[in-house]
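Subject: Structure handover

Hello,

Here is the structure you are taking over. My notes on it follow below.

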Amino acid sequence: MPGEQLDVAGRTVELSKADKVLYPGDGYTKRDVVDYYRSVARLMVAHMRGKPLTLRRFPDGIGEEGFFQKEASDHFPDWIRVVPVPQRGAEGSVHHVVVEEEAALVYLANQGCLEFHIGLSTVDDLDRPVLAVVDLDPPGSTGIAELRSITEDMCERFRSAGLEPAVQATGGKGFHVVAPLAGGSGFDEVRARVRDLADRAAREDHRLTTEQRKEKRGERVFLDTNRNAYGQTMIAPYSLRARAGAPAATPLDLDEIGRATPQRYGLANMARRMAQKDDPWRALDRV
């Protein structure tokens with residue numbers, strides 16, 4: 001039975017099985033998810049454009065096991081851009097989706113994609129990142145006031161290193177501290193410099209660690225720099241998360257950190273936020 005036909009920026013996208021519940025604890029349906037992505041598409045696509053995507057799909061909702069998808073499906077329409085990305089340490093390429101228009105985002109949401117993860121470089125120069133990121137991953141014992149304090153401190157450390165910090169509530173447990181890059185350095189150099197920054201922070205602040213092994217982190221906040229590598233990703237701004245409540249990754253103004261929580265915004269209230277303020281990362285690629 002054919003689904004509903006949606007007009008998305010001049011393209012027709014089918015909404016199928018609109019009443020299928022994808023967030024069973026909240027009752028959010030595929031229609032709710034697709035409507036959400038239609039509402040954020042203009043802002044979200046601006047941050048995704050040119051970057052290879054990894055999709056996290058939940059065709060039967062978050063109550064069932066989902067899967068990550070890097071290789072684009074054969075049935076995706078030919079107007080969705082697909083780009084071969086050479087593998088490191090293996091032969092051949094992976095054909096990643098690159099979202100260049102709003103209709104592509106909505107189409108993928110209809111395919112049960114709840115989470116969109118972006119590469120830190122663009123397909124025009126896969127070896128040179130345009131973003132650096134430190135993922136603040138707190139243990140359950142870290143209070144929100146302490147996590148905010150650590151996030152603000154990491155922003156200061158970015159500035160001291162000559163970087164312009166930006167912050168994103170991940171929709172998960174913590175925050176990302178991100179900085180735009182000019183694209184003049186390779187991943188190995190960027191990762192080494194970001195790791196040096198994080199190691200120094202961990203030496204100077206007993207609340208922090210860069211220890212890779214979970215059993216050795218104790219109750220310290222893990223500064224994860226592993227995303228700064230070829231083929232790695234971060235959650236895209238405004239992407240939903242496959243978590244109860246349908247929270248979303250949310251770019252923040254730096255003066256919001258003192259009252260922010262990692263899951264404050266999402267499907268239920270992002271439209272209200274967008275109506276009240278501009279995208280805090282609107283000029284990120286021009287810094």
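In these notes, buried means under 20% relative accessible area, exposed means over 50%, and partly exposed is anything in between (1.4 Å probe, protein chains only). By that cut-off N269 counts as buried, because its relative accessibility is 18%.

The model is predicted: local features need pLDDT of at least 70, side-chain atom pairs count only at pLDDT 80 or more, and totals for chains, interfaces and linings use all residues. Residues are numbered from 1 along each chain as its sequence is written, and side-chain values use heavy atoms, with hydrogens and water left out.

N269 sits in the loop between β16 (250-252) and α5 (270-276). Helices (H or I, at least four residues) and strands (E, at least two) are DSSP runs, numbered from the N terminus. The N269 side chain reaches the backbone oxygen of R264 at 3.0 Å.

Helix α1 (residues 30-48)

Helix α1 has a kink of about 70 degrees centred on A41; the bend at a residue is the angle between axes fitted to the seven residues ending there and the seven starting there. The end C-alpha atoms of α1 span only 22 Å, whereas a straight helix of 19 residues would span 27 Å at 1.5 Å a residue. The expected span is 1.5 Å times one less than the number of residues. Among the buried residues of α1 are Y37, V40, A41 and M44. Just after α1, G50 takes a positive phi of about 85 degrees.

Cores

A nonpolar core is a set of buried Ala, Val, Leu, Ile, Met, Phe, Trp, Tyr and Cys residues joined through side-chain atoms within 4.5 Å. The largest one has 61 residues, and Y37 and F116 have the most contacts inside it. Helix α1 gives the most to this core, with 10 residues. Apart from it lies another core of 25 residues, including L136, L147, V190 and L197. Leaving aside neighbours within four places in sequence, Y37 is in contact (heavy atoms within 4.5 Å) with residues including M44, L105, F116 and Y238.

Y238 lies in the loop between β15 and β16 and is buried, at a relative accessible area of 2%. Its phi is near 75 degrees, a positive value in a residue other than glycine.

Strands

All seven residues of strand β9 (residues 113-119) are buried, so β9 is largely enclosed by the rest of the structure. Two strands pair if DSSP finds at least two bridges between them. Five bridges join β9 to strand β5 (residues 53-57), and the two run antiparallel; R57 stands opposite C113 there. Strand β15 (residues 233-235) also pairs with β9 in the antiparallel sense, over three bridges, and I235 is the bridge partner of H117.

There is also an open sheet of six strands, in the order β13-β14-β10-β12-β11-β16, with mixed pairing. The edge strands are β13 (208-209) and β16, each with a single partner strand, so one side of each is left without a neighbour in the sheet. The pairing of β11 (residues 166-169) with β16 is antiparallel over three bridges, and Q168 has P251 as its bridge partner.

Helix α4 (residues 187-204)

With 18 residues, α4 reaches 26 Å from its first C-alpha to its last, close to the 26 Å expected at 1.5 Å a residue. Its buried residues include V190, V194 and L197, and the buried residues pack against β10 (131-137), α3 (144-160), β13 and β14 (221-224).

Regards

Notes. Polar contact = N/O pair within 3.5 Å; in protein donor to acceptor, adjacent residues only side chain to side chain.
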